[in-house]
Amino acid sequence: MGIVLIWSLVLILTRWISHKRRGAISYDSEDQTALYIRMLDVRVRSQVGFEPERRGSHPYLYVDFRTLHSRPEAARPVSARNVRRLLSFQRYLHPSRFFHGIPASNHLGYILDDDFTGQAKLLLQKVGNWNFDIFLFDRLTNGNSLVNLTFHLFNTYGLIELFQLDMVKLRRFLVMIQEDYRCQNPYHNAVHAADVTQAMYCYLQEPKLAETLTSCDLLLGLLAAATHDLDHPGVNQPFLIKTDHYLAALYKNSSVLENHHWKSAVGLLRESDLLSHLPTEDRLNMEERLGSLILATDISRQNDYLSEFRTHLDKGDLCLTNGGHRHFILQMALKCADICNPCRPWKLSKQWSEKVTEEFFHQGDIESKHNLEVTPLCDRQSNSVANIQIGFMAYVVEPLFVEWSRFSDTRLSQTMMSHLSLNKQGWKEGRDKQEASASRASEEQRTPATKDSNSKVLPQGSKGS
């Protein structure tokens with residue numbers, strides 16, 4: 001009887017604990033700062049026909065295009081009990097991979113213990129090198145490159161002490177950022193965000209910037225780099241517009257993705273309470289400046305920023321003691337960091353080129369499958385990795401980095417331009433060899449057919465005569 005009573009108490013206690021815990025992390029139900037760890041099974045149903053699914057899976061594989069133009073159903077009343085997250089409502093929650101496999105009792109210790117061992121620790125010491133291998137670092141950190149690298153850079157700059165950031169909240173915030181990147185995206189994922197953050201750090205170390213940037217500039221530069229593609233769906237803006245996606249309607253077909261990245265970042269900042277101790281005016285100002293940086297990565301506005309940058313350099317009127325000019329240079333630095341892959345060593349650049357092209361072609365396949373007009377860049381039948389990269393380098397990357405080299409004529413700029421030239425030549429040589437090989441194969445196929453045709457025609461001709 002005593003044993004049965006004990007087991008009954010154990011079962012009751014277990015059920016109570018499971019009700020108060022999600023994702024193996026305990027929380028106080030009265031603690032409003034602990035919203036992030038309520039790892040509940042939440043699904044967000046779009047108003048345009050998207051099936052609810054796990055966050056991270058590609059949202060366009062299950063699009064029912066027959067319902068894209070149908071009228072949305074009347075919104076059902078939702079009780080407060082069912083509303084689990086109020087700010088970053090685009091997130092599809094699941095237990096944090098960052099904490100997976102760590103006993104609950106050790107979570108706090110793990111968060112506070114910035115312990116990088118072995119090769120990962122050695123590699124992180126070289127984070128300022130332009131040939132930093134982010135793919136290797138991501139493997140060594142078990143897929144947590146963005147969290148570990150960004151936390152390290154915050155610590156390197158002393159931003160945690162300067163802004164009196166709570167380290168537990170900072171870790172929570174970085175984990176949420178990393179998990180809001182969709183790992184199924186070949187290119188726009190957390191590894192890309194970590195790569196851009198590492199590149200941004202290299203630019204922040206350049207003499208002209210290092211001597212003039214304030215601690216707030218550094219904080220915003222790193223935050224913008226880490227969140228600049230937050231919750232990227234793996235398709236471009238034209239796709240969202242032509243499928244009547246709710247984000248396109250929300251942002252009126254203007255910088256749709258960039259606005260979504262910015263608003264998602266602000267949502268996580270507020271949800272994590274990372275900056276809640278700052279005066280409201282300062283916090284709101286930082287959110288606006290963060291948005292200005294992220295919006296600058298809109299590739300459709302590339303020529304506008306480049307023209308303004310070129311004009312400043314021609315006039316020689318950039319003054320980095322001016323806050324507005326410093327912010328503009330931060331925008332240009334983030335733009336460079338975002339598309340710097342062709343300026344990396346070939347081993348790294350080639351991997352990025354293949355990944356971004358895979359994502360392009362994935363979109364093209366979806367468009368073709370659903371009888372949508374295939375975006376020219378995404379058509380695998382008429383494009384190749386080499387052709388896409390050669391055009392991208394010539395018309396987008398090179399013009400930007402030529403001007404950046406004018407602004408910051410350093411060893412790093414020379415290295416980037418050298419890699420860019422070598423990589424472009426490498427793609428051209430590869431394309432020429434592939435085309436020559438295809439031409440020879442085609443000629444070899446035609447030659448036997450011609451011989452067979454002649455051997456048949458001649459006897460018939462002689463017989464007819």
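Start by selecting D229, which the unreviewed UniProt entry annotates as "binding site". Keep in mind as you look around that this is a predicted model. D229 sits in the loop between α10 (215–227) and α11 (237–242). With a relative accessibility of 6%, D229 counts as buried. Now show its surroundings: leaving out residues up to four places away in sequence, D229 touches Y181, H188, H192, H261 and D338.

Next, colour the largest nonpolar core, a set of 95 residues. W130, I134, F154, Y203, L204, F401 and W404 touch the most other members. Helix α8 (residues 190–204) gives this core its largest share, eleven residues. Apart from this core lies another of nine residues, including L240, Y251, V256 and I366.

Zoom in on W404. Its contacts, not counting residues up to four places away in sequence, include Y203, F309, M332, C336 and M416.

From here, move on to R406. Which side chains does R406 meet in salt bridges? One is D314, at 2.8 Å from N to O. Because R406 lies in helix α18 (residues 385–407) and D314 in helix α15 (residues 302–315), this pair ties together parts 92 residues apart in sequence. The other is E403, at 2.7 Å, which lies in helix α18 with R406, three residues away, about one turn of the helix.

For a last stop, select D432 and R431, whose side chains meet in a salt bridge at 3.8 Å, N to O.

Key. Residues numbered from 1 in each chain as written. Predicted model: local features only at pLDDT ≥ 70, side-chain atom pairs only at ≥ 80, totals over all residues. Heavy atoms only, no water. Core = buried A, V, L, I, M, F, W, Y, C linked by side-chain atoms within 4.5 Å. Buried < 20%, exposed > 50% of the residue type's maximum accessible area, 1.4 Å probe, protein only. Helix = DSSP H or I, 4+ residues; strand = E, 2+ residues; numbered from the N terminus. Contact = heavy atoms within 4.5 Å. UniProt positions renumbered as here; feature names shortened; annotations may be inferred. Salt bridge = Lys/Arg side-chain N within 4 Å of Asp/Glu carboxyl O.
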